[in-house]
Amino acid sequence: MGYYNPKLVKRLKQQQSRGLGVGLIVGCLLVAMTYVAVLRTDIDLLSILNSSSPIIAAPMDPPAVANMTWFRQLDDEDDNQPQNGQPAAAAPSVKQRLPSTTERADVGAQRQSKPLCDLSEYRTDVCDMDGDIRIVGKGSSTVMLVPPNGSSSGTSESWEVKPYARKWDRTVTRNIRKVNVKSLQKHEEAPVCSVHHTVPGVLFASAGYCGNIFHDVADVLLPLFITSRGFDGNVQFLVANNQSWWFYKYHHILQKLSSHELINYDHDDRVHCFKHVIVGLRADNDLMIDASRSAQGLSMLDFVRFLRSSYSLERDRPWTAGGPPGRKPRLLFIARGRSRRFVNLDEIVPVAEQVGFEVVMAEPSFMDVGRFAGTVNSCDVMVGVHGAGLTNMVFLPTNAVLIQVVPLAKLDWIAANYYGEPAKGMKLRYLQYEISEEESTLLELYPRDHKVFKDPDSIHKQGWKKMGEVYLRKQNVKLNVNRFRPVLEKALQLLKEKAEHTTE
């Protein structure tokens, strides 16, 4: 960064008495500036080298749940959870050395040799590519990374990816269309562009278990949020296994994520050209975001706020004791049409009203998500039997209460992990009520000494289909109102506690 100035040297020679001091100062400044420049280069290179190590999320252990007689509460005061929508404090940093000359020379080669696709994740495969990328959906189903004109890549990679965030489930992924991702060796091998895009592209599938709200959110909408939110709407979606009804159902959310009309990947025979493309969706555990793995530090609290904005939901806080006179906290019972129904709501509702709630009963609409989202957001407590309908907790105000009623079947661990732990990430208060044999309508189908009651593990060992047939499709719930009342009282107490010291 130094330079030679003849005039400055001449003046220094003419004024030796003062020039010696000035020369020393100038020299020191030049040396310092050169050192800083080199140091900054080393730090930049160090960050590149350190980022080359993959981050692997540890498997989630069974949650530690405090047993409160017959119902459970998961404490949301966890130092390892994101606070105020921000990642938890990082662990103390480890002193790192600066890269050697050899390592600096290898940085470019490492970035060039990075595989196009990362297949190491449990839930999903993702290909994140920059450069001249050309996509042909109809017929070939191919995404190509093209070398510059007049040059050769020297290497050729080829991958097969199914862009749906449940890759371990072969039952569903067998119906997901494969996408061929490859790098071409020669520019001349590439098809001519039909459409040039100035925004990045994200290619994903909308089939699988779509139609079930749990999987709609866990397998597509939440991973799509994690993957594309950083583009702030300036992104082009390309959809394989496109189901037009599904995109109509969730158009409020999808239009918030992308301001561009989606491309039906399976039926579009044009050659779409991009500078940046992501094939597949990034995903963490079901209904959860690991903020430490998100480039933008996104959390589940960010996701639920985004949903409120998408559906113009007004409430971000639940009922408070100091609110308008006469206003009671609202409690929603999720009604189910077939199995796992509350069969004695006529007995439960009066008890809930005695405790101090205004009671609402509603059943989710299959297509009108916005209407039911508005109902949920207007309530402060939501009660439902274990099942996909509990996913609607994403529309509750922050610090509201979720009560999950767990039917017979030894589902307590599943219930806590699929809904209890995610509820904590959404900053909801969570209570888990496990019914007794007397509260299950299975008593009307099986004798009390049947293995359905005495040996649930034997039913589980016959597989998910058999377990679901017995415990999920044949079972309804008849709550013991005296046994359930303390849970309602606890929910009201939690609302009052949060009113006194509400934090987000």
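Me: Is Leu287 buried or exposed?
Reply: Leu287 is buried, with a relative accessible area of 0%. Buried means under 20% relative accessible area, exposed means over 50%, and partly exposed is in between, using a 1.4 Å probe and protein chains only.

Me: Where is Leu287 found?
Reply: Leu287 is in the loop between strand 12 and helix 8. Helices (H or I, at least four residues) and strands (E, at least two) are DSSP runs, numbered from the N terminus. The phi of Leu287 is near 60°, a positive value in a residue other than glycine.

Me: What pLDDT does the chain average?
Reply: The average is 81, and 75% of the residues score at least 70. pLDDT is the predictor's confidence in each residue, from 0 to 100.

Me: Where does pLDDT stay under 50?
Reply: One stretch is residues 1-26, for which the model has eight contacts beyond four places in sequence. Another is residues 75-112, with 45 such contacts. Contact here means heavy atoms within 4.5 Å. Where pLDDT is low, the predicted coordinates should not be read in detail.

Me: New topic: how many disulfides are there?
Reply: The count comes to two disulfides, each a pair of cysteine sulfur atoms within 2.5 Å. Cys117 and Cys127 form a disulfide with their sulfur atoms 2.0 Å apart. Cys117 lies in strand 3 (residues 117-118) and Cys127 in strand 4 (residues 126-136), so this pair ties together parts that are 10 residues apart in sequence.

Me: Why is the disulfide of Cys117 and Cys127 right-handed?
Reply: It is right-handed because the torsion about its S-S bond is about 100°.

Me: And which residue is joined to Cys193?
Reply: A disulfide joins Cys193 to Cys273, S to S 1.9 Å. With -100° about the S-S bond, this link is left-handed. Cys193 lies in the loop between strand 7 (179-183) and strand 8 (195-196) and Cys273 in strand 12 (residues 271-279), so the pair ties together parts 80 residues apart in sequence. Cys193 and Cys273 are buried.

Me: Last one: how many cavities of 30 Å³ or more are there?
Reply: There are three. On a 1 Å grid over the protein atoms alone, a cavity is a set of points where a 1.4 Å probe fits but cannot get out, and lining residues have an atom within 4 Å of a point. The largest cavity has a volume of about 40 Å³, where a volume is the space filled by probe spheres set on the points, joined across faces, edges and corners.

Me: Which element gives the largest share of its lining?
Reply: Helix 5 does, with three residues.

Key:
Residues are numbered from 1 along each chain as its sequence is written. This is a predicted model: local features need pLDDT of at least 70, side-chain atom pairs count only at pLDDT 80 or more; totals for chains, interfaces and linings use all residues. Side-chain values use heavy atoms; hydrogens and water are left out. On a 1 Å grid over the protein atoms alone, a cavity is a set of points where a 1.4 Å probe fits but cannot get out, and a pocket is an open set with protein on both sides within 12 Å along at least five of seven lines; lining residues have an atom within 4 Å of a point.
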